[in-house]
Amino acid sequence: MDGNLTENDLSGIVAADKAHVWHHLIQHKPFETTDPRIIIEGKGMRVWDQKGKEHLDAVSGGVWTVNVGYGRESIANAVRDQLIKLNYFAGSAGSIPGAQFAEKLIDKMPGMSRVYYMNSGSEANEKAFKMIRQIAHKKYGGKKHKILFRQRDYHGTTITTLSAGGQPERGAQYGPYTPGFVEVPHCLEYRSQWGEVSDYGERAANAIEDVILAEGPDTVGGLCLEPVTAGGGVIPPPAGYWERVQEICRKYDVLLHIDEVVCGVGRTGTWFGYQNYGVKPDMVTMAKGVASGYAAIACLVTTEAVFDMFKSDATDPLDYFRDISTFGGCTAGPAAALENMRIIEDEGLLDNTLSMGALLMERLEELKEKHAVVGDVRGKGLFAGAELVMDRETKEPAPEKMVQAVVADCMAAGVVIGATNRSLPGFNNTLCLSPALIVTADDIDEITTAIDNALTRVFG
Ligand SMILES: Cc1ncc(COP(=O)(O)O)c(C=O)c1O
């Protein structure tokens, strides 16, 4: 971008947007007197708005998506070439990029074997829920149909994924919900539900077992967890948690479905978040980083054992997974995903994620030392959160308005950061960072300096 845009150049666009576009996740009343932000162009780590103002994007497109950064011509070319050859055919047939990406993906996921394509994280999770329900019907007369989800986790925006949502402010006013979804406690040690315990990870996992026993193990078919909770406060699992979760799932024959929509494809420094913890899932869903937003693609990946359950009786017309996603047959998704993965490999972006992630945590720890309002910093790879509190002793959460003022101050300084919002009532107090995996040490300094200044201005 040449930076020479004037407001007038895009006044027609702004007017059309104000008149007709209903933006996601935002109250529109203020746009009666101000203009919405329109992002015009992106290159590397940076984006430009309608006023030509440059921003360093520390949240990969706002919602941890653009993992390989903006302006990747090679992905655009791969998509273009594929669209000219074949843009679409329904997913009941195969495609060249679909087969190639599935092979490449499975290569990164030992123990997994089948890839089902669709378009969004919500849809991928819905399909996993459908599989668990169908397995309950096929194997257990419909009884083992309950699906457990965790407080603070988020799995999507549809009514059923909201039914599996651990963030009450997201779900409020959209009920009644789909029955058969049951909440288990969160695993954020900073806000321990059991006071100070030496084995918090095991304790939090045991709480899942308590729920299974209370519901009846013969009624619980699946457990859906984020490997690192994202929008619920950036919560890496405490030590010992995943080992115990795995044991519990095996003990009670509960399918383990890991939602990698945010962590998937590099964000935590491994291909998938669960691979940090030695877990062996039955189902894995992914979306955002799969093609870094260059095309819409989501995947539900299963083991061969899960897949086998859907082809046991070819004479039964209801035996297979009777599901379709029309746009799951778009070839742009896997074409973009293939090139996205090649970039991560060839540019060593997993290693960069580990080293830059360590630097980011170091800088955040420095901010914690300097600003009393930073109560806790957490993260894994290039995925980090800083929880703001008014008092370190009582851990009273900072008010959302002040947290949002920090975000706005960074934005004014040309750095886009995020914060938990519409998650848990009273706990929208965690700043979120998820820069692209290409981030440099200078970028990290720029991001944390902007936060440092903003904290000083807002909290003194
Ligand atoms: C962990 C997690 N799962 C699922 C989703 C839903 O994905 P989508 O918005 O693509 O439907 C999100 C979106 O933020 C998410 O963070």
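In α8, the residues G201, E202, A204, A205, N206, I208, E209 and I212 meet Y241, R244, V245 and I248 of α9. Two residues are in contact here if their C-beta atoms, placed from the backbone, lie within 7 Å. Helices (H or I, at least four residues) and strands (E, at least two) are DSSP runs, numbered from the N terminus.

Before we dig in: residues are numbered from 1 along each chain as its sequence is written. The model is predicted, and local features need pLDDT of at least 70, side-chain atom pairs count only at pLDDT 80 or more, while totals for chains, interfaces and linings use all residues.

**Exercise 1.** Work out how α8 and α9 are arranged.

*Solution.* 
- Start with the classes: the contact of α8 with α9 has seven nonpolar, two polar and three charged residues. Ala, Val, Leu, Ile, Met, Phe, Trp, Tyr, Cys and Pro count as nonpolar, Asp, Glu, Lys and Arg as charged, and the others, Gly among them, as polar.
- Now the geometry: α8 (residues 200–215) and α9 (residues 241–251) have axes 7 Å apart and pack at an angle of about 20°. Axes are lines fitted to C-alpha atoms, for helices over the stretch in contact, and angles run from 0 to 180 degrees between N-to-C directions.
- The two helices are therefore roughly parallel to each other. Angles under 35 degrees count as roughly parallel, over 145 as roughly antiparallel, 65 to 115 as roughly perpendicular and the rest as oblique.
- Finally, α8 and α9 make a right-handed crossing. A crossing is right-handed if the near helix is turned clockwise from the far one by less than a right angle, and left-handed if anticlockwise.

**Exercise 2.** Find what surrounds the ligand.

*Solution.* 
- The ligand has 16 residues around it, and the closest are S120, G121, S122, G156 and V261. A residue is near a molecule if its C-beta atom, placed from the backbone, lies within 6 Å of it.
- Helix α5 (residues 121–140) gives the most to this shell, with three residues.
- By class, the shell holds six nonpolar, eight polar and two charged residues.

**Exercise 3.** Step back and describe the whole chain.

*Solution.* 
- The chain has 14 helices and 15 strands.
- Its radius of gyration is 22 Å, close to the 23 Å that the globule rule gives for 460 residues, so the chain is as compact as a globular protein of that length. That radius is taken over C-alpha atoms, and the globule rule is 2.2 Å times the number of residues to the power 0.38.
- Along the principal axes, the C-alpha atoms fill a box of roughly 65 × 60 × 45 Å.
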